[in-house]
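Thanks for coming. Please have the structure open.

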Amino acid sequence: MTTTVIIFKGNFDKVKRRRKMSGLKEGRTDLGTVHRERVTLVVDGSHFAVDPATFTAHPNTMLGRMFGPARQHNFTRPNGKGEYELTEGISASIFQVILNFYQTGVMRCPDGVSVSELREACDYLCINFSASTVKCRDLSALLHELSNYGARRQFEGFLEELVVPAMVSCAQGGERECHIVVLADDDIVDWDEEHPPPMGEEYSQILYSSKLYRFFKYIENRDVAKTLLKERGLKNIRIGIEGYPTYKEKVKRRPGGRSEVIYNYVQRPFIQLSWEKEEGKSRHVDFQCVRSKSVPNLAVPGEGGGGGAAWGGTMPSPQVDELDRLNGPAPSQLPQTATNES
C-alpha cells in the first residue's frame, strides 16, 4: 500500500479579524444566518472546499481526528495559501468517493475507479471498508477486496493460535526453520513403525485444522498469508499444496529381499519458513584451524643431538576439518608460493 503524507499548516486569525472589522458577530452573517467555516484540501492537484464538521462527525477516522480537537494544538497547519495539502498517494477521483462517505455514510464507487485503491485509501484514512459503506457495480472487485480483508483478519487468528506454537516448538529444539503440514480434522495418519515413509516427513510439524485447510485452498488466501508472514519478519516463505503419507497400502518385495513400501498420499497444504539470521553464510559446522602441539611423528630424528627435544625444522601442518577440505578449492586452484632454494 502506498503511504500518504498529510501536511497541515496555518491558522484562521485572518478570518476572525475580517469578521471583527466588518462588525459581524462570530459565527453569523449580517442576515443572521449561520456562517460555517470551510477549509480547502488539495488532493492530487484538485481543490475541495469542505466544512470541517463533515470530518469531525466521524471522529474515529484520520481526517476526523485531524480537524477535531487536535487542530487546537497546532497538529494541523495549512500552507501559505491557507490550504491543507493531501500529498501523493490518494488520487482526486478516490478522494471524491471518500467524501461521499463523510457526507452520506456510503461510498459509491463509479466505473473506472479502482476498488483496490479505494480500499488502500480507506485503510490509511481509518475508514471502515465493508459492504455497508461501499457500493460498487463491479461486485467481483468488491467481493475480492472484502475477501482479502477477511482473509488477513482470519489468518492473524490462525497465526497466533496454530502456526506460532509450531514454530516455537521447532525453535526450542534448536531449529532455524519450520515445515508445517496442515491436515483435516478427520485425517488419520497410521505409519508402519518397521517401514516408515522414506522422505523425512517425521520432521514436519503437523496441524489438524479443517478450517486452516479450507483457508489455504485458495491461492489468494495463500498470498495474503505470505504477505502477513513477511510483515512479521519471517523469510524463505513457501506456501502450497503437497502430498503427505497417511497409511501403508502394501509392501513389495524386491529381488534380494529388499522391501518397497507404498503409502497412500493425500494432497494437503504446507507452510515452510525460516527465521535464520545468518542464512547467507556457510551451513556446515566451521572448525577453527589451529596449529597442533602434539608430535606428528615420533620417528622423525631431532637436530642438535643430546637429549634436546628439537624436532625437524618444519612446523606441524594445521589440522583441517574434512568438510573444509571437501568444500575448499582443488589443489590445482591454490596459489603457488615461490620458494628460494639455496
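**The pocket and its surroundings**

Sorted by class, the residues that line the largest pocket are three nonpolar, three polar and nine charged. Here Ala, Val, Leu, Ile, Met, Phe, Trp, Tyr, Cys and Pro count as nonpolar, Asp, Glu, Lys and Arg as charged, and the others, Gly among them, as polar. Before going further: this is a predicted model, in which local features need pLDDT of at least 70 and side-chain atom pairs count only at pLDDT 80 or more, while totals for chains, interfaces and linings use all residues. Residues are numbered from 1 along each chain as its sequence is written, and side-chain values use heavy atoms, with hydrogens and water left out.

Back to the pocket. A pocket, on a 1 Å grid over the protein atoms alone with a 1.4 Å probe, is an open set of points with protein on both sides within 12 Å along at least five of seven lines, and lining residues have an atom within 4 Å of a point. Grid points are joined across faces, edges and corners, and a volume is the space filled by probe spheres set on the points. On that basis the largest pocket holds about 470 Å³ of space. Its lining has 15 residues, and those nearest the centre are Arg-119, Asn-148, Arg-152, Val-224 and Thr-227.

Which helix gives the most to this lining? That is α6, with six residues. At least two lining residues come from each of α5 (115-124), α6 (139-172) and α8 (219-231). Helices (H or I, at least four residues) and strands (E, at least two) are DSSP runs, numbered from the N terminus. The chain has nine helices and ten strands by that count.

Now the strands. Two strands pair if DSSP finds at least two bridges between them. β9 and β10 are antiparallel and share 15 bridges; within this pair, Lys-248 faces Tyr-263 of β10. The two strands make a hairpin with five residues between them, and Gly-256 in the turn has a positive phi of about 95°.

Thr-40 is partnered by Ala-49 in β3. Two residues separate these strands, and Asp-44 in the turn has a positive phi of about 55°.

Let me stay with β7 for a moment. Ile-180 sits in this strand, residues 177-183. Is Ile-180 buried or exposed? Ile-180 counts as buried because its relative accessibility is 0%; buried means under 20% relative accessible area, exposed over 50%, and partly exposed in between, with a 1.4 Å probe and protein chains only. Contact means heavy atoms within 4.5 Å. Beyond neighbours within four places in sequence, the contacts of Ile-180 include Val-163, Ala-166, Leu-207 and Phe-270. Its C-alpha is 8.6 Å from that of Met-167, 13 residues away in sequence.

Ser-204 is in the loop between β7 and β8 (205-208). It is buried at 16% relative accessible area, and it touches His-179 and Val-181, not counting residues up to four places away in sequence.

For the chain as a whole, 32% of the 342 residues are buried. Of contacts with a separation of 6 or more, 65% are between residues 24 or more positions apart.

Cysteines next. A disulfide is a pair of cysteine sulfur atoms within 2.5 Å, and the count by this rule is zero. For Cys-109, the nearest cysteine sulfur belongs to Cys-136, 4.6 Å away. Cys-109 is buried at 5% relative accessibility.

Last, phi. Most residues other than glycine have a negative phi. Cys-126, not a glycine, has a positive phi of about 60°; it lies in the loop between α5 and β6 (134-136) and is partly exposed at 36%. Asn-236 has a positive phi near 50°. This asparagine belongs to β9, residues 235-253, and is partly exposed at 45% relative accessible area.

That is the end of my part.
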